[in-house]
Amino acid sequence: MKQVIITGGTSFLGLPLVRRLREAGVRVDAVVRPDSPRRDAAQAAGAHILPFALSEIDRLRALGSVEDGVFYHLAWDGVRGAVRQDEARQQANVDAALRALRVCADLGVRAFVCAGSQAEYGRTTGPIIEGESREAPDTAYGRAKLRLCREAADFCRARGIRFVWARVFSVYGPGDFEGSLVMSALRRMLADEPVALTDCTQRWDFLHVRDAAAALHRLGEREDAAGLFHVASGESRPLRAFVEEMRAVSGSHSRLCFGEIPQPPGGPVSLETQPRRLRALGWRPQVPFADGIAETAESIREDVKWTKQSVF
């Protein structure tokens, strides 16, 4: 793998992937919105910036041939909040991804690696098995991801392109979405404030963002990687155990208010799997949860320190 095209290269997962690919000596052409606040970070990581939106994806043709290249598609609009149930907006994501895939196919890419989601399974209460568990998405977001998975697989099969669908489970680390459980709970813990939680009885799987980026790198470079892969640590525990470890690692005196928030209708959703196919390629997570939380907590402290300094 000498060259890749990537969309979503400034995202939480995309930026670590760009850094890893560049460290491996891979040329990275990153499609980045001109107004992206993290455009400079991707450029500093060594990416060649292509400043246009997915709606202008035909501009990729100016690259000429990208023979033997890999196309990573990570861009997606409307991942969180009410827009997850916006069918039209989610379908627009599918259409944009397929347009980008067609352009990259014409340029000669040999592999397509796309970030899927555990949301494609819907509400789950037990282990999710690769290739065996029933897909029953209950959000427009999950349905759109699954639709893209199937349509892109058919397209790649017809064009002789290696197809990789990486269903990403719960990824965390510095730069994560502020509303995630890890980030929101850590901020309260670092301020020694009470943390309101559900009973946290469901089993969960957390994977550090650098380990997730390493997984995507491996899936792109391995010629024998094709089909569905779960991107997860495979080290699930009750969510309560993760939260208690976060408090211990951060040195917090926060009161953990388990049960203060009711579980959603239908009960808790468990997210646990064994990434068997990914491990068969030689990939293993390298960042223990405690180390990843310590790093994330430090990034929050630095952010708070910088914010305070900028006020004065």
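The chain holds nine helices and 13 strands. The model is a predicted one. The radius of gyration of the chain is 20 Å, which agrees with the value near 20 Å that a compact globule of 312 residues would have.

**Whole chain**

- Taken along the principal axes, the box filled by the C-alpha atoms is roughly 60 × 50 × 40 Å.
- Buried residues make up 52% of the 312 residues of the chain.
- The accessible surface is about 14,000 Å², and carbon and sulfur atoms account for 50% of this surface.
- Of the contacts between residues at least 6 apart in sequence, 79% join residues at least 24 apart.
- There are 43 positive and 40 negative side chains, and the centres of these two sets are 1 Å apart.

**Helix α6**

- Helix α6 covers residues 209-221, which is 13 residues.
- From its first C-alpha to its last, α6 reaches 19 Å, close to the 18 Å expected at 1.5 Å a residue.
- Helix α6 is largely enclosed by the rest of the structure, because 10 of its 13 residues are buried.
- The buried residues of α6 include the run A212, A213, A214 and A215.
- Also buried in α6 are V209, D211, L216, H217, L219 and G220.

**Helix α1**

- Helix α1 spans residues 14-23, and its buried residues are G14, L15, P16, L17, V18 and L21.
- Just after α1 comes G25, with a positive phi of about 85 degrees.

- Most residues other than glycine have a negative phi.
- D192 is not a glycine, yet it has a positive phi of about 55 degrees.
- The loop that holds D192 runs between α5 (181-190) and β8 (195-196).
- D192 counts as partly exposed because its relative accessibility is 40%, and the range for that class lies between 20% and 50%.
- C200 is not a glycine either, and its phi is positive at about 55 degrees.
- C200 sits in the loop between β8 and β9 (203-204).
- C200 counts as buried because its relative accessibility is 1%, and buried means under 20%.

**The loop between β5 and α4**

- E132 has its place in the loop between β5 (111-117) and α4 (140-159).
- With a relative accessible area of 60%, E132 is exposed, since exposed means over 50%.
- E132 and V31 are 101 residues apart along the chain, and their C-alpha atoms are separated by 34 Å.
- D138 also lies in the loop between β5 and α4.
- D138 has 38% relative accessibility and therefore counts as partly exposed.
- Leaving out residues up to four places away in sequence, D138 touches Q85, G122, R123 and R143.
- The C-alpha atoms of D138 and L50 are separated by 35 Å, and the two residues are 88 apart along the chain.

Conventions:
Residues numbered from 1 in each chain as written. Predicted model: local features only at pLDDT ≥ 70, side-chain atom pairs only at ≥ 80, totals over all residues. Heavy atoms only, no water. Helix = DSSP H or I, 4+ residues; strand = E, 2+ residues; numbered from the N terminus. Rg over C-alpha atoms; globule rule 2.2 N^0.38 Å. Buried < 20%, exposed > 50% of the residue type's maximum accessible area, 1.4 Å probe, protein only. Contact = heavy atoms within 4.5 Å. Areas by Shrake-Rupley, 256 points an atom, 1.4 Å probe, with all protein chains shown as cover. Lys, Arg positive; Asp, Glu negative; His and termini not counted. Charge placed at Lys NZ, Arg CZ, Asp CG, Glu CD. Expected span 1.5 Å × (residues − 1).
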